[in-house]
Amino acid sequence: MWVYQLSHYNLHFAGGFQENIFCQQTERKPATTGSVKTGMTMTEKILARASDKPEVTPGDNVWVNVDVLMTHDIGGPASFGVFKEQFGQKAKANPDYKGVCHVALAQEGHCRPGEVLLGTDSHTCTAGAFGQFATGIGTTGAGFVLGTGKLLLKVPPTLRFVMDGEMPSYLLAKDLILQISTVIYTLWLISVSWMSHIIGEISVAGATYKTMEFVGTTVECLSMEERMTLCNMVVEADGKNGVIPADKTT
């Protein structure tokens with residue numbers, strides 16, 4: 001796995017050296033367009049920050065500043081190929097090479113609340129357990145991110161799962177995402193009580209290009225490993241990303 005901290009490394013381009021080309025973090029000043037008129041979901045807030053906008057809504061296409069890019073042995077070569085094709089054969093990036101991608105991202109401290117993490121693997125959504133926007137992208141997109149530090153993303157609507165109550169000892173986090181009870185649909189918001197099927201209820205296409213946000217007392221009692229399991233399975237419902245609010249456990 002190669003990890004690129006897009007706010008810290010240097011790039012060498014054909015024809016010269018450009019230091020921290022897209023990584024110099026400028027101070028983000030408060031919006032001057034007035035207060036936000038409508039509330040935003042957690043994912044919308046993260047994407048608004050990353051796109052330097054005071055507000056975003058589902059369906060908006062925004063250029064997002066990417067904090068971390070992950071690629072692995074399968075997607076890496078193709079991503080590097082796109083990078084060199086578009087930005088010159090002498091273009092270089094300085095990666096941080098580690099082990100198993102989704103585990104190493106967390107162990108090495110690359111998962112941070114409020115940031116944007118993209119990876120060339122569909123289960124990159126696992127990192128949403130740390131309160132960040134994390135999703136998988138293709139190698140073409142990864143090559144573009146390597147060269148610019150940005151990517152055009154559509155803001156997804158949110159499916160919100162509220163899980164309250166004490167989880168029985170015979171259940172695991174995988175059971176929560178596969179089996180949990182009454183699912184009440186309200187626009188894109190969903191409340192969930194015990195013992196039905198999340199993916200079974202909404203189907204394997206029930207969250208297509210949507211955020212699956214998990215909250216409630218049950219989620220608050222889960223370990224980081226269990227939270228990662230919840231978010232890891234979001235892609236199995238065709239979700240764009242999974243996210244859990246950061247707290248003292250995070």
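Colleague: Which side chains meet in a salt bridge with aspartate 67?

Modeller: The partner is arginine 49, and the N to O distance in this salt bridge is 3.1 Å; the term stands for a side-chain nitrogen of Lys or Arg within 4 Å of a carboxyl oxygen of Asp or Glu. Side chains of opposite charge can pair when their charged atoms come close. Here the pair links distant parts of the chain, 18 residues apart, with arginine 49 in helix α1 (residues 42–50) and aspartate 67 in the loop between β4 and β5 (68–71). Helices (H or I, at least four residues) and strands (E, at least two) are DSSP runs, numbered from the N terminus.

Colleague: What kind of model is this, and how are its residues numbered?

Modeller: It is a predicted model, in which local features need pLDDT of at least 70 and side-chain atom pairs count only at pLDDT 80 or more, while totals for chains, interfaces and linings use all residues. Residues are numbered from 1 along each chain as its sequence is written, and side-chain values use heavy atoms, with hydrogens and water left out.

Colleague: Is aspartate 67 buried or exposed?

Modeller: Buried means under 20% relative accessible area, exposed means over 50%, and partly exposed lies in between (1.4 Å probe, protein chains only). Aspartate 67, at 13%, therefore counts as buried, whereas arginine 49 is partly exposed at 30%.

Colleague: How many salt bridges does the rule give?

Modeller: The count comes to five. Among them is the pair of arginine 227 and aspartate 247, with 2.9 Å from N to O, which links helix α8 (residues 224–232) to the segment after β14 (241–243) across 20 residues. Arginine 227 is buried, with a relative accessible area of 0%, while aspartate 247 is partly exposed at 31%.

Colleague: Which residues touch the most other members of the largest nonpolar core?

Modeller: In soluble globular proteins, nonpolar side chains tend to be buried together. A nonpolar core is a set of buried Ala, Val, Leu, Ile, Met, Phe, Trp, Tyr and Cys residues joined through side-chain atoms within 4.5 Å. The largest one has 36 residues, of which Ile177, Met212, Phe214 and Leu230 touch the most other members. The elements that give two or more residues to this core include β13 (211–215) and α5 (173–178), and α8 gives the most, with four residues.

Colleague: What does isoleucine 177 touch?

Modeller: Leaving out residues up to four places away in sequence, isoleucine 177 touches Ile198, Ile199, Met212, Phe214, Leu230 and Met233, where contact means heavy atoms within 4.5 Å.
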